[in-house]
Each structure stands twice: as C-alpha cells, then as structure tokens.
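Hi,

Here is the structure I promised to pass on.

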Amino acid sequence: MSGVSDLQLEDLPGVEPHLISKLKRAGIQSVLDLAVSVPHELAIGDYEGNGIAADVETISELVMRAQKALTDSGILTKEFCTADEVLERRKSLVRFTTGSANLDAFLKGGVETQAITEIAGEFGSGKSQICHTLCVTANLSKGKGKGRGKGLDSIIFIDTENTFRPERIHQIAEARGLDSEEIMKRVFVCKINNSAQLEAIIRNLSKSIEQYRAKLVIVDSIISLHRAEYPGRESLAERQQRLNVMLHKLVRLAEIYNIAIIVTNQVQSQPDNFFGNSNSGADSTRASGGNIMGHACTYRIFLRKAGHDSRIAIMVDSPYHHAYDQVRFTISEKGVENAAAADEGNKKTLESSESGW
Ligand code: GTP
Ligand code: MG
C-alpha cells in the first residue's frame with residue numbers, strides 16, 4: 001500500500017504550526033507517524049532526547065486527531081464497527097505459506113496479515129528457520145509457483161541476534177526450485193546491535209514498509225537485546241514498558257498496512273512459567289514478559305524439539321484455535337516442511353506424552 005503516509009501533518013485541522021515543527025523535529029513527518037506514536041514516549045523523548053517538550057495530554061490529543069484523520073479516510077478501522085464491517089476487513093487478510101502444508105493448515109492457511117504471530121521456543125527449536133523459510137515462501141501465492149508477478153512485495157527481516165544467513169535463503173530457494181536471486185532481492189535485512197537501535201527502527205518502520213512495499217516484517221528476536229540490556233528485577237518495569245511501546249506500534253502497523261508481523265522470542269525452560277500460566281509465580285520476570293507479549297500478539301506459537309530435525313509447533317494462544325493444537329514439522333534443506341510420514345506415525349506417542357504441551 002503506498003500513500004498511507006501522504007497525509008501531511010499540515011492537513012490536520014487545528015494543529016498549531018509550532019507544534020507541527022516540534023513534531024517534525026522529533027521525527028514525526030506524517031499523520032501516520034503521529035497516529036502510531038505513543039504519547040508518553042513522545043513527551044519524554046527517545047534515547048537521543050528527541051521529545052517534543054509538550055505535556056502528555058496535548059500530545060494525546062494530537063495523536064487522537066491523527067487517528068481520526070486516518071479513520072475518516074478509511075485507513076484505520078473505526079473504534080466501533082458493525083460485525084459485517086469487521087468481516088469485510090477480514091476478507092482483505094492475506095495468508096503467507098510457511099513452506100509446510102501441515103504448518104499452514106495448523107495456522108488455518110498460513111501466517112496471517114493484520115496480526116502479530118509470536119514464535120517462541122528454546123535455542124535450536126527452529127524459530128529462525130521458520131523466519132528464513134518465510135523469506136522464500138511468503139511471496140508464493142497459491143498454485144502460482146514463482147511469486148505474484150509485477151509489483152512484488154518484499155520482506156523486512158530485522159535481525160537482532162546476527163543469525164540471518166543469506167546462504168540459507170539461497171539454499172532454501174534452490175531446494176524448492178525457485179529463483180533464488182529474485183527472492184533474495186526482495187528480502188531487506190536490518191542488522192540491529194542494541195535495544196535503542198531496535199526501538200528507533202520500529203518507531204520509523206512505516207517508512208521502510210512503504211519504501212520496500214513490505215508485506216511481512218520479521219523481528220528475530222524481539223526481546224533478546226532488551227533482556228540483555230535491562231537485566232534484573234530493578235530494570236523490569238522499564239524493559240516491559242519499552243517492549244510494550246514496540247509491540248503497540250507493531251500491532252498498529254500490521255493493521256494499517258495489512259501486513260503480517262512475526263516476532264520470535266526465546267525461552268529457556270518451563271514454557272508454562274514463560275506464558276504466565278505458572279501457579280508457583282516462581283519466575284515473574286518471564287511471566288510479565290509473557291503478559292505484555294500475550295496482549296499484543298494475536299497468535300502465540302511454541303516450538304519444541306522432537307528429535308534431530310523434527311519439531312512440534314503448539315498453538316498457545318489464538319482467537320481461532322483450540323488451545324494447544326499442535327503439528328509436527330521438520331527442518332531440511334528446504335527450510336521447514338512437512339514431517340516425513342515415519343514421523344507422522346509417532347503422532348500418537350506425541351499426543352499421549354505432550355498433554356500439557
Ligand atoms: P535460537 O535463535 O538459538 O534461540 O534458536 P532458533 O529457534 O532460532 O533455532 P534455529 O531456527 O536456528 O534452528 C536451528 C536448527 O535448525 C539446528 O539445530 C538445525 O537442526 C536446523 N538447521 C539450521 N540450519 C540448517 C540447515 O542449513 N539445514 C538443515 N537441514 N537444518 C538446519
Ligand atoms: Mg534464532
């Protein structure tokens with residue numbers, strides 16, 4: 001979608017010019033930028049001190065005006081919609097294939113736009129492999145083989161762990177008989193070194209989404225930098241607040257641009273604790289991280305290892321799934337793909353042994 005950010009701040013009725021200049025100095029260039037801003041964050045400024053030095057109420061009012069302008073022009077959904085309007089909007093959903101038909105079926109058609117899908121799991125569980133495979137498969141429309149013709153969409157890959165591997169994209173594309181050069185030209189990778197940089201990239205993501213015509217944004221991983229830079233309980237509140245701001249922005253972007261957003265999230269152990277389901281409350285750091293993620297993410301998928309290349313995906317949270325629906329898939333030179341028939345044979349064992357997860 002292009003032109004969403006064409007609506008200029010000057011087009012907003014009743015906003016004084018000195019506020020517009022301040023907003024621009026703070027990096028808010030368009031009505032869209034303003035609409036997806038977090039008033040509190042704008043008031044205190046970012047890590048470079050780029051606040052707009054106005055009180056939170058004034059900024060909230062500006063943000064609401066921007067949101068109203070976008071609602072009036074049909075870009076944002078209204079606060080109240082009739083059920084048939086919601087249904088109409090859902091018809092514009094796009095689903096991207098993961099490369100595994102079984103995983104797609106598990107996701108009711110693939111990775112969905114207008115939503116954030118979280119993929120969590122311990123190291124080596126396949127989070128980054130799903131992301132890499134999606135770089136290859138997301139542009140494949142059903143039955144068409146090589147993408148969607150002219151005006152192809154791109155993928156933005158935000159790599160916070162330095163684990164993006166172009167060679168792997170190339171290998172997956174070649175193994176699937178696809179044009180790897182063409183595919184690699186459509187993956188825009190952004191390597192992130194610290195949490196402030198991640199926050200800045202997400203704050204300005206709308207421009208990149210428009211510039212690259214992105215349909216899928218991958219953040220691999222969303223939390224690791226913040227977890228490293230804000231350690232301990234004394235930093236927990238600030239870390240959670242920062243995570244919240246990023247996720248809030250991503251939710252808005254997914255809706256406004258009708259794009260899919262994937263975020264990965266590492267867990268070490270005890271997924272029950274991580275997702276805030278623990279009765280013991282023994283690890284509240286993970287539980288509260290989980291709660292903020294839980295509010296923002298539409299789908300939460302947990303991956304677990306089930307052998308050398310075999311993995312199980314479990315739906316932890318979704319408005320459309322039975323809790324703990326699960327599917328087995330495998331990691332191969334093609335990226336992620338259906339589990340081999342022999343693996344499927346183990347399904348029974350899986351179901352009986354994985355009753356909590
Ligand atoms: P962390 O980022 O460490 O938290 O883990 P992750 O969940 O992102 O793990 P990742 O997706 O990197 O999965 C790693 C696993 O994928 C390895 O243990 C391998 O089993 C598999 N894998 C990675 N690269 C290849 C490859 O080129 N070929 C094949 N067949 N398997 C691979
Ligand atoms: Mg990874």
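Seven of the seven residues of β3 are buried, so this strand is largely enclosed by the rest of the structure; buried means under 20% relative accessible area, exposed over 50% and partly exposed in between, with a 1.4 Å probe and protein chains only. Keep in mind that this is a predicted model: local features need pLDDT of at least 70, side-chain atom pairs count only at pLDDT 80 or more, and totals for chains, interfaces and linings use all residues. Residues are numbered from 1 along each chain as its sequence is written, chains are lettered from A and ligands numbered from 1 in the order in which they are written, and side-chain values use heavy atoms, leaving out hydrogens and water.

In a regular strand the side chains alternate between the two faces of the sheet. In β3, Ala-115, Thr-117, Ile-119 and Gly-121 point one way, Ile-116, Glu-118 and Ala-120 point the other way, and all are buried. (Strands are DSSP runs of E, at least two residues, and helices are runs of H or I, at least four, numbered from the N terminus.)

What runs alongside β3? Seven bridges join β3 to β7, and the two run parallel, with Ile-119 opposite Thr-264 in β7. β3 also pairs with β8 in the parallel sense, over five bridges, and there Thr-117 stands opposite Tyr-299. Pairing requires that DSSP finds at least two bridges between the strands.

β8 (residues 299–305) and β9 (residues 310–317) run antiparallel, joined by six bridges, and Arg-304 sits opposite Ile-312 in β9.

Gln-129, His-132, Thr-133, Cys-135 and Val-136 in α7 meet Arg-168, Ile-169, Ile-172 and Ala-173 in α8. These contact residues divide into five nonpolar, three polar and one charged (Ala, Val, Leu, Ile, Met, Phe, Trp, Tyr, Cys and Pro count as nonpolar, Asp, Glu, Lys and Arg as charged, and the others, Gly among them, as polar).

Cheers

Terms used: Contact means heavy atoms within 4.5 Å.
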